[in-house]
Amino acid sequence: ERIGMEGQHWFKKGEYYYMIYSTRNCCGPKSDYQIYVARSKDLKGPYERYSGNPILEGDGKDILSCGHGTITTTPDGRMFYLFHAYLTGQGFFQGRQVMLQEIVMKNDNWPHFTTGNKALLTQKTPFKNIKQLPINDFEDRFKSSTLSPKWTWNYPYSTLKTTIKNGKLSLSGTPKSDNCNGTVLCVRPNSPDYSFETKVINKNGSLKGLTIYGDNKNHIAFGYIDNQLILKVIKNGKEDVLGNIQISTAQPYLKVEVKNGSQGKFYWSTDGKSWTELQNLSSSLDSGHLVPWDRVARPGLIHSGSEEKPAEFSYFKLVNAQNK
């Protein structure tokens, strides 16, 4: 019997070669990825599928699906399977997560997970004196001369041009192919509730500010151009400007608060302390559509305009709500 598979991983125990692989749907809100195993005494096969498959799947409560992994072996000989999965509910908007589950060989000469065939979000720590690390915030004051490796950018859609000097980031780029929606620098959120902010420190004809970014045709841009703040949504390549307001300062602070993974509120300030919400432009704007296929909506900085008219920022900060 033939079955679609991907993410195959082989290992040998005793007289058998084992192939762990993934099947069903890998991606998106309806994904039902599962992990199967087959074995053979010859690496080239034929392989016998385990009658108890799947050996691992989502638990139907916290984890939506799991698969496409590999086994790593610790110095004491224990085996752990490293794979990806979605969280359910608001955690889905963080994209596919990396997970780790211990796998053992039993008397039936088949591999089994110590949690059974359901992936569990909460498990005992695998080693003594190991503690759960806290969720990290992110801040860049642009004191280095090079870009922090924690940043990611939309290289399939735009070239990247950055200059960092004296606590200032200059960001611009040249869009590729049919991208007319700018260049971004993003970080990955670590929780569904967070805020991120920046200060724009230059004035020109380019849009400069914050973004919640799926891809070049699906994102939200909140920025400053000339003397205006603009909030717009790009969905399937079509731009919808929700509104704009005139402001008196040439160096505005901008902030976005995200709750439940996709609800966003937008603020501006003259001093970075007292914030004004753009209630007339958006009331808890939903960015759920920004997560097509396996992507995650990433918070970050955006420049949209001529490469000769860059965006300049004095800092960027992301704070997870539970760390406030």
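1. A word on terms before the rings: Phe, Tyr and Trp rings (for Trp, the six-membered one) pair if their centres lie within 6.5 Å, and planes under 30 degrees apart count as stacked, over 60 as edge-to-face and the rest as tilted. On that basis the structure holds 18 aromatic pairs. Keep in mind that this is a predicted model, where local features need pLDDT of at least 70, side-chain atom pairs count only at pLDDT 80 or more, and totals for chains, interfaces and linings use all residues. Numbering starts from 1 along each chain as its sequence is written, and side-chain values use heavy atoms, with hydrogens and water left out.

2. The pair I'd look at is F138 with W151. The ring centres are 5.3 Å apart and the planes stand at 90°, so this pair is edge-to-face. F138 belongs to strand β10 (residues 138-140), while W151 is in the loop between β10 and β11 (152-153), so the contact ties together parts 13 residues apart in sequence. Strands here are DSSP runs (E, at least two residues), numbered from the N terminus. F138 is buried at 12% relative accessible area, and W151 is buried at 2%. For these labels, buried means under 20% relative accessible area, exposed over 50%, and partly exposed in between (1.4 Å probe, protein chains only).

3. Elsewhere, ring pairs join F11, Y16, Y18, Y50 and W110 into a cluster. There are also charges over rings, a label that needs NZ of Lys or CZ of Arg within 6 Å of the ring centre and within 35 degrees of the ring normal. K12 lies over the face of Y17, 5.3 Å from the ring centre. The charged end of R141 sits over the ring of Y315, at 4.4 Å from its centre.

4. Now the backbone. Most residues other than glycine have a negative phi, and most peptide bonds are trans, so the following spots deserve a look. The G45 to P46 bond is cis, with omega near 5°; P46 is in the loop between β3 (34-40) and β4 (48-49). The N53 to P54 bond is cis as well, with omega near 0°, and P54 falls in the loop between β4 and β5 (56-57).

5. F142 lies in the loop between β10 and β11 and counts as buried at 1% relative accessibility. D226 also has a positive phi, about 55°, without being a glycine. D226 is in the loop between β17 (218-225) and β18 (228-235) and is partly exposed, at 38%.

6. On packing: a nonpolar core is a set of buried Ala, Val, Leu, Ile, Met, Phe, Trp, Tyr and Cys residues joined through side-chain atoms within 4.5 Å. The largest one has 35 residues, and F196, L301 and F316 have the most contacts inside it. Elements giving two or more residues to this core include β13 (168-172), β15 (194-200) and β16 (207-215), and the largest share, 4 residues, comes from β25. With contact meaning heavy atoms within 4.5 Å, and leaving out residues up to four places away in sequence, F316 touches, among others, F138, F142, W151, F196 and L301. A second, separate core of 22 residues includes Y16, Y50, C66 and F83.

7. In one, 4 strands form an open antiparallel sheet in the order β6-β7-β8-β9, with β6 (63-73) and β9 (111-113) at the edges. Strand β7 (residues 79-87) pairs with β8 (residues 97-105) over 7 bridges, in the antiparallel sense, and F83 stands opposite M99 in β8.

8. In the other, 7 strands form an open antiparallel sheet, ordered β11-β14-β24-β16-β17-β18-β19. β11 and β19 (238-246) are at the edges with a single partner strand each, so one side of each is left without a neighbour in the sheet. β18 and β19 run antiparallel and are joined by 8 bridges; K232 stands opposite V241 in β19.

Definitions and conventions
Two strands pair if DSSP finds at least two bridges between them.
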